[in-house]
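Subject: Structure handover

Hi,

Here is the structure I promised to pass on. Have a look at it first, and my notes follow below.

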Amino acid sequence: MVERKDVTVLEPPVLRIEHIWKSFGKVQALKDVSFEVYKGDVLALLGDNGAGKSTLIKIISGNYRADKGKIYLNNQPVSFGSPAEARHAGIETVYQQSPVCLNASVTANFFIGRELCNGLPGIKFLKKRAMRQETEKAMADIGVHIPSVKEKVGLLSGGERQALILGRFFHWGGKIALLDEPFAALGVGEARKSLKLIQHMGQQMRLPIILITHNVEYAFEIATRFVVLRHGEMVGEGKIADVKVDDVVAMITGAIHVRDTN
Ligand SMILES: Nc1ncnc2c1ncn2[C@@H]1O[C@H](COP(=O)(O)OP(=O)(O)OP(=O)(O)O)[C@@H](O)[C@H]1O
Ligand SMILES: [Mg+2]
């Protein structure tokens, strides 16, 4: 286990990636990328277009296999053959357009695959009231107000859908959330709500989060740590509190190359 100066409680990282390499034909998308994510971390994964951010997220979430390198979840080596396997292990990915069942209610989406039932063998009745109450409580616990959990998800805003996915994931014991450009499709007001929620879930509820965003100001508002990729290589990492926005922008554009391995 790596001892980190900024982690007061010595606990193993929730996620550790070690020496990850990935190429697509002649394009070397990732070159020897390694870092850890701890509880309490909102880790901003930054970099210019084509830097390798989404490729890395897709490797962690079981969409792609790395050419080389290892991934550890709670100190156990893992290798996912599909996104479903990664989700089952506790890794949730939220993209700009995340899959939810638009014509089903908030409650139905919250409980999908985990419905509460009553009944005799062969005849099952959904415990709709209990499911609604549990959904309301879970969303309230993370500080999200959804007008009615009976509402069809298709009628919710983009930010509310993200909140539903994160709330559901947290409620059912998810271990780490990967957010790839979660603000890109949101208006300014929605993006602000989403920022607050991510900060709350990461810092107060201690759900480890990797956040990809092109918006460096947003990253500075809510992230605790950062990693910068450039042409597939890690060119910077550290605590957000230790750096200035301009320095990180310079790492992203290639004006400076810093690698702080505290
Ligand atoms: N499935 C693929 N097939 C071929 N090349 C790919 C594939 N996925 C990514 N690449 C290439 O790998 C490199 C890294 O791409 P990636 O999508 O990871 O970048 P990114 O940092 O997420 O960029 P953006 O900020 O634009 O989303 C790019 O050169 C891209 O063209
Ligand atoms: Mg991307």
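Before the sheets, one convention: two strands count as paired if DSSP finds at least two bridges between them. Helices (H or I, at least four residues) and strands (E, at least two) are DSSP runs, numbered from the N terminus. Bear in mind that this is a predicted model, where local features need pLDDT of at least 70, side-chain atom pairs count only at pLDDT 80 or more, and totals for chains, interfaces and linings use all residues. Residues are numbered from 1 along each chain as its sequence is written, while chains are lettered from A and ligands numbered from 1 in the order in which they are written.

With that in place, strand 1 (residues 15–24) pairs with strand 4 (residues 68–73) in the antiparallel sense, over five bridges. Leu 15 has Leu 73 as its bridge partner in strand 4. Both strands sit in an open, antiparallel sheet of four, ordered 2-1-4-5. Strand 2 and strand 5 (76–78) are its edge strands, each pairing on one side only.

The other sheet is open too, with six strands in the order 6-9-10-3-11-12 and mixed pairing. Strand 6 (91–94) and strand 12 (233–239) each have a single partner strand, so one side of each lacks a neighbour in the sheet. Inside it, strand 9 (residues 176–180) runs parallel to strand 10 (residues 209–212), joined by four bridges. Ala 177 faces Ile 209 of strand 10 there.

Now the ligand. Around ligand 1 you'll find Phe 24, Val 27, Ala 29, Gly 47, Asn 49, Gly 50, Ala 51, Gly 52, Lys 53, Ser 54 and Thr 55 (near means a C-beta atom, placed from the backbone, within 6 Å). Strand 2 (27–37) and helix 1 (53–60) are the elements giving two or more residues to this shell, and helix 1 has the largest share, three residues.

Buried means 20 or more other C-beta atoms within 10 Å of the residue's own; exposed is 12 or fewer, partly exposed is in between, and C-beta atoms are placed from the backbone. The buried ones are Lys 53, Thr 55, Leu 56, Ile 57, Ile 59 and Ile 60. Just after helix 1, Gly 62 has a positive phi of about 85°.

Cheers
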